[in-house]
Amino acid sequence: MPELPEVETIRRQLEPWLVGREVLYAGSHPSEKFLPARDTIGAVFEQVNRRGKFLLISLDDDSELIIHLGMTGQLRPFSDISDPYLRAWWQLDDGRILGFRDVRRFGRIR
């Protein structure tokens, strides 16, 4: 499981990359644990915060993505969505893809 300093490092890396970007398309694995990712279409990322080991991503529609990485979760840029362990993905307005990869499916998005 990623420890607190690792989650903070992820937060710091994602913040300049995400803030101000609009979600053009979002998809997820059909598991209920990942479905909230789809509700972000049309929203703009405003802030990336952390509380404990949870990443809190504020959106301009007054909602917030709460992401727990579980034991093997990764939240990072991807070039395409063909990875079989990609559980959620967001296509951004600049053409980049933010993906949540979780081999063991212990992570969660709310």
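Strands are DSSP runs of at least two residues, numbered from the N terminus. In this predicted model, strand S1 covers residues 23-28 and contains Gly-27.

Beyond its neighbours within four places in sequence, Gly-27 is in contact with Ala-37, Arg-38, Ala-88 and Trp-89. Its C-alpha atom lies 17 Å from that of Glu-64, a residue 37 places away along the chain.

**The open sheet**

An open sheet is formed by four strands in the order S2-S3-S4-S8, with antiparallel pairing. Strands S2 and S8 are its edges, each pairing on one side only. S4 and S8 are joined in the antiparallel sense by two bridges, and Ile-67 stands opposite Ile-109 in S8.

| Strand | Residues |
|---|---|
| S2 | 45-51 |
| S3 | 54-59 |
| S4 | 64-68 |
| S8 | 108-109 |

**Helix H1**

Helix H1, residues 4-18, packs on the sheet and touches S2 and S3. The direction of H1 makes about 170° with that of S2. The 15 residues of H1 should span 21 Å at 1.5 Å a residue, which agrees with the 21 Å between its end C-alpha atoms.

Which residues of H1 are buried? They are Val-7, Glu-8, Ile-10, Arg-11, Leu-14, Trp-17 and Leu-18. In an α-helix there are 3.6 residues a turn, so residues three or four places apart point the same way. The cover over the buried residues of H1 includes S2, S3, S5 (73-78), S6 (86-92) and S7 (97-102). After H1 comes Gly-20, which has a positive phi near 90°.

Technical notes: Residues numbered from 1 in each chain as written. Predicted model: local features only at pLDDT ≥ 70, side-chain atom pairs only at ≥ 80, totals over all residues. Heavy atoms only, no water. Pairing = 2+ DSSP bridges. Contact = heavy atoms within 4.5 Å. Axes fitted to C-alpha atoms, helices over the stretch in contact; angles between N-to-C directions. Expected span 1.5 Å × (residues − 1). Buried < 20%, exposed > 50% of the residue type's maximum accessible area, 1.4 Å probe, protein only.
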